[in-house]
Amino acid sequence: MLNSSAAGSPLAVDASGVAKSFGSVTALSGIDLAVPAGTLAALLGPNGAGKTTLVRIVATLTRPDRGRVRVLGFDVAAQPGEVRRRIGLTGQFAGLDDALSGTENLVLIGRLAGLRRREARARASQVAELVAMASAAGRSVRTYSGGMRRRLDLAASLMTSPPLLVLDEPTTGLDPASRQQLWQALAGLRAAGTTMLLTTQYLEEADRFADQVHVLDRGAIIASGTPAQLKSLVGGQVVEIALADPGAGQSAAGYPAANCLAAGYPAPDGLALDAEAVARALAGRLDLPPGSVRAESSARRLTVLTRTGTDGDAGVLLDVAAALRADGVPVADLALRQPSLDEAFLALTGRPEVAA
Amino acid sequence: MTAAGTAPAGAGAGHAAVLPHLRYRLVRDTGLIAGRYLRVLRRNPGRLIYPLLQPLVLLTLFLSVFGNLAAGRNAAPGAYREFLVPGIIIQNAALTAPTTGLAMLRDAGSGLADRFRSLPMSRPAVLLGRLGGDAVIYAVQAALLLGVATVLGFTVRTGLAGAAGIVNIAVAFGLAISVLSAWLALLINDAETAERVLFFPAIAIAFVSSAFAPVADLAGWMRPVARFNPVSAAADLIRTLAAGGPAARPFWLLACWIAVLVAVPGVLAVRRWQASP
């Protein structure tokens with residue numbers, strides 16, 4: 001299909017210098033984006049970063065103020081009709097008529113997309129099958145759960161088997177099982193060669209499924225690359241520490257309790273070790289900025305994000321181990337790994353991904 | 001087109017057969033959208049209760065309150081009833097029209113609007129299809145009004161053909177006001193405000209017209225407005241048809257009104273629908 005052309009790697013989406021403002025609010029400030037055909041590109045960013053504006057421009061719903069966007073070779077401003085014939089859109093809100101059944105929605109959308117009645121009906125049952133909605137397709141959409149709505153909405157975008165699928169936060173608000181089902185359907189489509197451009201706030205989704213991740217912040221793409229490349233942008237490595245349960249006995253026995261007390265966190269006879277306090281003490285000992293050592297919500301795990309240390313360099317691991325031993329912190333497990341996309345995002349934007 | 005060679009390739013394998021560019025796309029898509037509304041109505045017959053109850057309530061109220069007034073100047077008994085029923089038919093259409101605008105506004109803010117905008121479908125079909133569905137409502141309402149009014153003593157001297165003409169007038173007038181309401185609703189772009197803004201003029205415009213009283217009997221300042229009012233034009237045409245007089249003048253007057261109302265707000269409404277942030 002598209003990804004194996006003589007022209008090398010044709011672009012399904014080719015945008016340059018795209019800018020868009022709404023009144024005094026700048027949504028996009030000169031964005032370049034290239035999505036090779038057959039790949040899955042994820043736009044990652046906080047609320048208000050400009051993700052939705054960008055996919056709406058690609059889907060011909062919004063006109064850019066400046067810049068040029070070509071979708072599958074057609075200009076979105078000059079040839080929106082040609083673009084619309086080749087894309088499927090799954091917007092942030094399900095584009096379905098609640099009063100109609102699933103099948104009626106699919107057939108209506110398929111016919112409006114240009115299918116003949118017979119083809120639309122045949123295709124409707126195919127796509128309903130594809131998103132595991134065949135048994136519920138006869139019911140009114142009003143009776144659907146959020147996950148079912150999303151899946152039927154995806155099915156509606158697939159009625160004409162478009163070579164490019166544009167998805168705006170397809171999994172937002174879904175429970176884990178529904179998210180899983182949706183991703184199964186998307187993975188199947190990608191295997192069949194469909195190009196996908198999607199937005200997400202879920203870093204682990206971009207990490208697991210995307211070929212290319214583009215990090216948007218305040219209307220600009222601040223980093224692009226494969227998930228691995230983005231993680232390497234963080235520069236350092238991550239040491240994961242699992243604190244031992246000090247009350248469990250022998251694991252803590254070898255550590256001098258006096259040091260532990262001196263460092264300001266509870267003695268080993270207490271059941272709960274204050275992970276926040278350990279994190280602060282560790283950052284001090286390793287001479288790292290305070291944000292680099294974070295206590296996870298489980299309160300038994302710490303992550304140390306180091307700026308130094310190259311791939312495969314275990315020296316940083318030994319430094320951390322030495323610091324922990326010096327403070328008498330009981331440790332169950334110590335591991336060195338690549339930073340997650342979550343940590344990459346934090347490093348790129350200077351703030352956690354949830355901040356708007 | 002350098003990259004154009006890639007596009008059809010992507011559209012090729014496994015691609016369901018999409019119809020080529022259609023010249024009759026507007027008609028086809030309008031039919032599909034109208035079919036959507038009618039299907040929704042068939043599935044939710046409850047939505048028909050109010051549109052069918054409204055004309056009957058209007059008829060009962062107006063005939064009971066005003067029906068026995070003499071239309072002044074030695075009029076025959078029942079003459080005012082003959083005058084009033086066409087006015088009620090038109091007022092009912094004017095009061096139904098805002099639902100078009102409100103429905104368009106509701107759709108415009110939904111995910112469905114984005115879906116439609118992303119499809120290679122005809123742009124005006126969204127409005128025209130809605131009007132197609134509304135036409136059925138207007139026709140049923142007018143037929144119902146005429147039927148009940150006939151039972152109550154209203155007479156159409158031109159027979160069934162005249163009655164069919166009256167229903168058509170009500171439909172055409174209603175659709176013209178529907179187009180206006182669609183544009184205004186999309187312009188206002190807020191459901192709550194639109195509801196207030198659209199219904200009030202629909203009531204006012206019916207009173208400042210010949211719907212309920214001859215123009216000559218209205219307050220002086222009202223008369224120029226009442227003469228230059230599509231409600232008057234439509235009510236007068238229905239009266240002429242019911243009484244069997246020469247209908248050319250009121251016909252052309254109403255036709256002009258409808259042409260203006262459909263053409264200007266219609267184009268603006270379609271552009272408004274298409275324009276999204």
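Two strands count as paired if DSSP finds at least two bridges between them, and strands themselves are DSSP runs of E with at least two residues, while helices are runs of H or I with at least four, all numbered from the N terminus. With that in hand, Val213(A) has Gly225(A) as its bridge partner in β10(A). What you're looking at is a predicted model, where local features need pLDDT of at least 70, side-chain atom pairs count only at pLDDT 80 or more, and totals for chains, interfaces and linings use all residues. Residues are numbered from 1 along each chain as its sequence is written, with chains lettered from A and ligands numbered from 1 in the order in which they are written.

**The two chains**

- Chain A has 13 helices and 14 strands.
- Chain B, on the other hand, has 12 helices and zero strands.
- For chain B, 44% of its 277 residues count as buried.
- Contacts here are pairs of residues whose C-beta atoms, placed from the backbone, lie within 7 Å. Taking those in chain A with a separation of 6 or more, 68% are between residues 24 or more positions apart.
- In chain B, 78% of the contacts between residues at least 6 apart in sequence join residues at least 24 apart.

**Around β9 in chain A**

- Strand β9(A) spans residues 212–217, and six of its six residues are buried.
- Gln212(A), His214(A) and Leu216(A) sit on one side of β9(A), with Val213(A), Val215(A) and Asp217(A) on the other.
- β9(A) pairs in parallel with β3(A) (residues 40–44) over four bridges, and there Ala42(A) is opposite Val213(A).
- β9(A) also runs antiparallel to β10(A) (residues 220–225), joined by five bridges.
- The β9(A)–β10(A) hairpin has two residues between its strands, and Arg218(A) takes a positive phi near 50 degrees.

**Other strands in chain A**

- An open sheet of four strands has the order β2-β1-β4-β5, with antiparallel pairing. Its edge strands, β2 (25–36) and β5 (74–75), each pair on one side only.
- Within that sheet, β1(A) (residues 11–22) and β2(A) share nine antiparallel bridges; Phe22(A) has Val25(A) as its partner in β2(A).
- β6(A) (residues 87–90) is paired in parallel with β7(A) (residues 164–168) over four bridges, and Ile87(A) is opposite Leu164(A).
- Ile87(A) and Leu89(A) point one way from β6(A), Gly88(A) and Thr90(A) point the other way, and all are buried.

**A helix pair in chain B**

- Helices α8(B) (residues 159–188) and α12(B) (residues 248–274) pack at about 30 degrees, with axes 8 Å apart. Axes are lines fitted to C-alpha atoms, for helices over the stretch in contact, and angles run from 0 to 180 degrees between N-to-C directions.

How values were computed: A residue is buried if 20 or more other C-beta atoms lie within 10 Å of its own, exposed if 12 or fewer, and partly exposed in between; C-beta atoms are placed from the backbone. Two residues are in contact if their C-beta atoms, placed from the backbone, lie within 7 Å.
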